[in-house]
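Subject: Structure handover

Hello,

Here is the structure for you to look at. Notes on what was found in it follow below.

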Amino acid sequence: MRPDGARERPDAATGGRERPDAGSARADGGDPLLAVEGLTTVFHTDKETIRAVDDVSFVVRAGETLGIVGESGSGKSVTARSVLGLIDTPGVIEAGSIRFRGEELTGGNWDAHRGDVSIVFQDPSNSLNPVYTVGNQIRETLRIHQGLRGRAAREEAVRLLEAVGIPDARRRISEYPHQFSGGMRQRAVIAVALACDPDLLVCDEPTTALDVTIQAQILELLGRLQREEDLAIVFITHDMGVIEETADRVNVMYAGEIVESAPVDALFESPQHPYTRGLLASIPGRTVSGDRLPTIGGEVPTPTTEPAECRFAERCPDAFDACERVHPEAVRVGPDHTAACLLHEEAYEHEDGPSRRSADGRGDPTDGADAATDGGGLG
Amino acid sequence: MNRLKYILKRVLMAVPVLWLGTSMTWFIIYQGPVDPAANLLSGSERLTETKYEAARTELGLDQPPLQHYVDWMWSLFTLDLGQTWLIYPGSSVGALVLDFLPRTVWLGFWSVLIAVCVGIPLGFYAGIRSNTVADYIASVSGIVWRAMPNFWLAVILLAVLVGSESLLGFDWDSFLIRLPTGVTGNPGLSYMAGDPLALFTQPRDTLAAIKKVLPAAVVLGSASMGNEMRIGRTAVLEAKNEQYVEFARARGVSGRAIVWKHVFRNALVPLVPVITTEAFLLIGGSVLVESVFGINGMGKLFFDAAIQGDLPLVGSLMFVFIVLLLSINLAQDVLYTLIDPRVGYEGT
């Protein structure tokens, strides 16, 4: 463990900039639908402790779509599973709070709110139990959450299948999941998820396993359901194009942390974190045709210790010496727009400037001025 | 295709298997190294050419092979099983099979049932509570059961039961139901002859027959019990980590419903072939246990008949074994379709 102050940055030096917290959303009145604060989910393995989600905070308001984007291994899915209380040993939610309509969920209170938050997984071929009919699984859910049985449950199940756009629902309700095509199966999964009558639907890469035309249909369906049922959606994907189409706000995750958070337009127009810029640059079609598609070299590190540096520094084109020693916290860079990058902290701009770091220029960790500011936190 | 049509198709497909199996039996005995005619003349008789030829004529071995084959197959498939050549010479094969078969089936049935009823619940329990002390105890005992050889376990169990008065503090012979004939010997099944319903209407006799066969059934089922435990444990572990189980949890399905409804039925799928394969092994391969416990079953009978080259008896027993195997296979396929809807009636 590091000393308490170590995680603080030299805020005193950032002058007039305010540090927005996750709780800032409460400023616009009332509890948000979902408020996640300081969520830290770790997995204890024999060798080490993997900090899959590390100090993540965000809010979801009723009816909005929050996109969470990042590479594989950035902690998106673990965030989703944490919110739904699906973390099993060896994983554990080590710190933080998850509040749904102001009520705390961590500490085993999920069972009281099962169904308020529902989930759609990536692979529809695995989400439904293969030995029971689709109708059986919808009715099972309807009985638990809406107390419907017998004919009423059957009618409602047919209605749900029709709502998600499955033709001939009355017949297909007694079919098994393997008798559905991939796209139809994902629609059926969504119908089962909706049978919970949720206020928040977490979609964990719901279109990744589907081909492009089916993808578009599912996205359209989710958009329609959101309007009709006034759903809030947390949309997890690694596909920036999908994010642009669906999300109202976007959290960019990297190595278990949220590195940038912004409304979707602001994020695409003026990305403030080098990682976000890298992601946007690597969307096919955004580059001049004929050029090689830019990529971010290297891969996401697996975080095993509390961060003492910027986890992206190793791959960052703009990294400078301080990035190796100081862990950046979210800084407000625009209206409702934060980025966790030292480039946006005046203290470092003044000292080092965002100059490119040379290969051998990695800073000495005990280097004078920075070491002093590092230790002398806000308190 | 509906289920009835499917079963009918499977039965029709069984006919060639039956024909091929019995034909091969005929070929091996008729053309093989065992000479039934020479065996018929064994003993003190002096082997002369005329006596040997007379024996061959008596057994019908002097006919042209094709004619012998056709005659033999015809009588087999019309269930005219004839008389034995060498084993209990001159007895009716049909009567012999009817006498021996029930004992083997009775033994096999109870050993399969005991294995299934102990092994699968134990395995499922260990899978649900994986990596707990209970799991380790169950897993280790499963391996121990599996590792103990049949014949050794049979002898030990026999010794313990014979000396039960001093070793265990109660007398096995008079425990629950009195068995006057002791631990070994044939289970008394004759009360059911001509009236299969006596199985239920005469519970005292049934209980006595079960008790008689129980030690042998436990020994015979021990290995499969261990197998089923281990495979059941793995199957549950696999099923409970499936995404549909996670989805069910997210939907608020109770822990109990997840285990009983979502996990167990899927975990049964890999167990079906294990059970049916073992069922056949138990019915066919029980010679050792049968001889230790003094049960006159088909295993020993088949062994003797095959060694001596008693064609009518071997052929008939082979016929019975193949029919048993095919019905167990059919039962397995039907079980599959009942448990797992993905196993269709087409293309199998």
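Which helices do the buried residues of α6(B) pack against? They pack against α5 (93–128) and α10 (203–240) of chain B. Helices here are DSSP runs of H or I with at least four residues, strands are runs of E with at least two, and both are numbered from the N terminus. Packing is judged by contact: the C-beta atoms of two residues, placed from the backbone, lie within 7 Å.

This is a predicted model, in which local features need pLDDT of at least 70 and side-chain atom pairs count only at pLDDT 80 or more, while totals for chains, interfaces and linings use all residues. Residues are numbered from 1 along each chain as its sequence is written, and chains are lettered from A and ligands numbered from 1 in the order in which they are written.

Helix α6(B)

The helix covers residues 133–147 of chain B, and its 15 residues should span 21 Å at 1.5 Å a residue, which agrees with the 21 Å between its end C-alpha atoms. The expected span is 1.5 Å times one less than the number of residues. Its buried residues are A138(B), S139(B), G142(B) and W145(B). The face turned away from the buried side carries the exposed residues V133(B), I137(B), V140(B), V144(B) and A147(B). Buried means 20 or more other C-beta atoms within 10 Å of the residue's own, exposed means 12 or fewer, and partly exposed is in between, with C-beta atoms placed from the backbone.

L189(B)

This residue is in the loop between α8 (164–167) and α9 (198–201) of chain B. L189(B) counts as partly exposed because it has 19 C-beta neighbours inside 10 Å. Leaving aside residues up to four places away in sequence, L189(B) touches P102(B), R103(B), W106(B) and A209(B).

The sheet in chain A

Chain A has an open sheet of 4 strands in the order β2-β1-β4-β5, with antiparallel pairing. Its edge strands, β2 (49–60) and β5 (103–104), each pair on one side only. Two strands pair if DSSP finds at least two bridges between them; β1 (residues 34–44) and β4 (residues 91–100) of chain A have 8. V36(A) stands opposite I98(A) in β4(A).

The contact between the chains

Chain B gives 17 residues to the contact and chain A gives 22. On the side of chain B, α11(B) gives the most, with 6 residues.

Regards
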